[in-house]
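Subject: Structure handover

Hello,

Here is the structure I promised to pass on. My notes follow below it.

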Amino acid sequence: MKTVSAGLAAHLQGSSLTLATCWKITRQDGKVLGFTSHDRDIVFDLGDGGGAVTYAAATGFTRTKIENAAGLAVDNLDVAGVLESAAITAADIRAGRYDFAEVKIFDVNYAALSQGALPLRRGDREDVEDDERADQKGD
């Protein structure tokens, strides 16, 4: 069960939502990157011991559906375009720097960040590819 603050729970019940989706990516080497669907950068401390992170706006990702599986099946999340950020280089992807990176996806009320986060997903990405790296693996 996902827990949220009373303030965020009340906001989620309202008719006018001011939500932004945020992604926190922590690579195996400790480098942390933040991205948001909001049109402005968001500085937010997720409370996971990593401190405040700047979640960069307009990074070109589009969240599609999140599937919750029953039983022991694996949940699924499709993402398009998250790698359209200058902070994530093709050279880093080809070098495997994002393989096994921890990814945390959550929503925040950008108008009241003190309300905390609504966790959506957490996991790691075993193998991140760009088109060139995928082609090389296919050879």
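(Buried means under 20% relative accessible area, exposed over 50%, and partly exposed in between, with a 1.4 Å probe and protein chains only.)

Some ground rules. This is a predicted model, in which local features need pLDDT of at least 70, side-chain atom pairs count only at pLDDT 80 or more, and totals for chains, interfaces and linings use all residues. Residues are numbered from 1 along each chain as its sequence is written, and side-chain values use heavy atoms, with hydrogens and water left out.

**Overall layout**

The protein has 3 helices and 8 strands. (Helices, H or I with at least four residues, and strands, E with at least two, are DSSP runs numbered from the N terminus.) The order from the N terminus is α-β-β-β-β-β-β-α-β-β-α. The protein has 139 residues, and 35% of them count as buried. Its accessible surface is about 8200 Å² (Shrake-Rupley method, 1.4 Å probe; for residues, only the protein chains shown count as cover). Carbon and sulfur atoms hold 49% of that surface. Now take the contacts with a separation of 6 or more: 51% join residues 24 or more positions apart. (A contact means heavy atoms within 4.5 Å.)

**Confidence**

The mean pLDDT is 80, and 69% of the residues score at least 70. (pLDDT is the predictor's confidence in each residue, from 0 to 100.) Among the elements, strand E3 (residues 42-45) has the highest mean, 98. Helix H3 (residues 131-138) has the lowest, 45. Over residues 131-139 the pLDDT is below 50. Beyond near neighbours in sequence, that stretch has 10 contacts in the model. Where pLDDT is low, the predicted coordinates should not be read in detail.

**Cores**

The largest nonpolar core has 13 residues. (A nonpolar core is a set of buried Ala, Val, Leu, Ile, Met, Phe, Trp, Tyr and Cys residues joined through side-chain atoms within 4.5 Å.) Trp23, Ile25, Phe35, Ile88, Tyr98, Val103 and Ile105 touch the most other members. Strands E1 (19-26), E2 (32-36), E7 (101-109) and E8 (117-125) each give two or more residues to this core. E7 gives the largest share, 3 residues. A second, separate core has 9 residues, including Cys22, Ile42, Val53 and Tyr55.

**Aromatic rings**

What do ring pairs link into a cluster? The members are Phe44, Tyr55 and Phe106. (Rings of Phe, Tyr and Trp, the last by its six-membered ring, pair if their centres lie within 6.5 Å; planes under 30 degrees apart count as stacked, over 60 as edge-to-face and the rest as tilted.) The count comes to 2 aromatic pairs.

- Phe44 and Phe106 are tilted, at 5.8 Å centre to centre and 35° between the planes. Phe44 sits in E3 and Phe106 in E7, 62 residues apart. Phe44 is buried, with a relative accessible area of 6%.
- Tyr55 and Phe106 are edge-to-face, at 5.6 Å and 90°. Tyr55 is in strand E4 (residues 52-56), 51 residues from Phe106. Both Tyr55 and Phe106 are buried.

**Two more details**

Arg27 lies over the face of Tyr98, 5.1 Å from the ring centre. (The rule asks for NZ of Lys or CZ of Arg within 6 Å of the ring centre and within 35 degrees of the ring normal.) Phe100 has a phi near 65°, a positive value in a residue other than glycine. Phe100 lies in the loop between helix H2 (90-94) and E7. Phe100 is partly exposed, with a relative accessible area of 45%.

Best wishes
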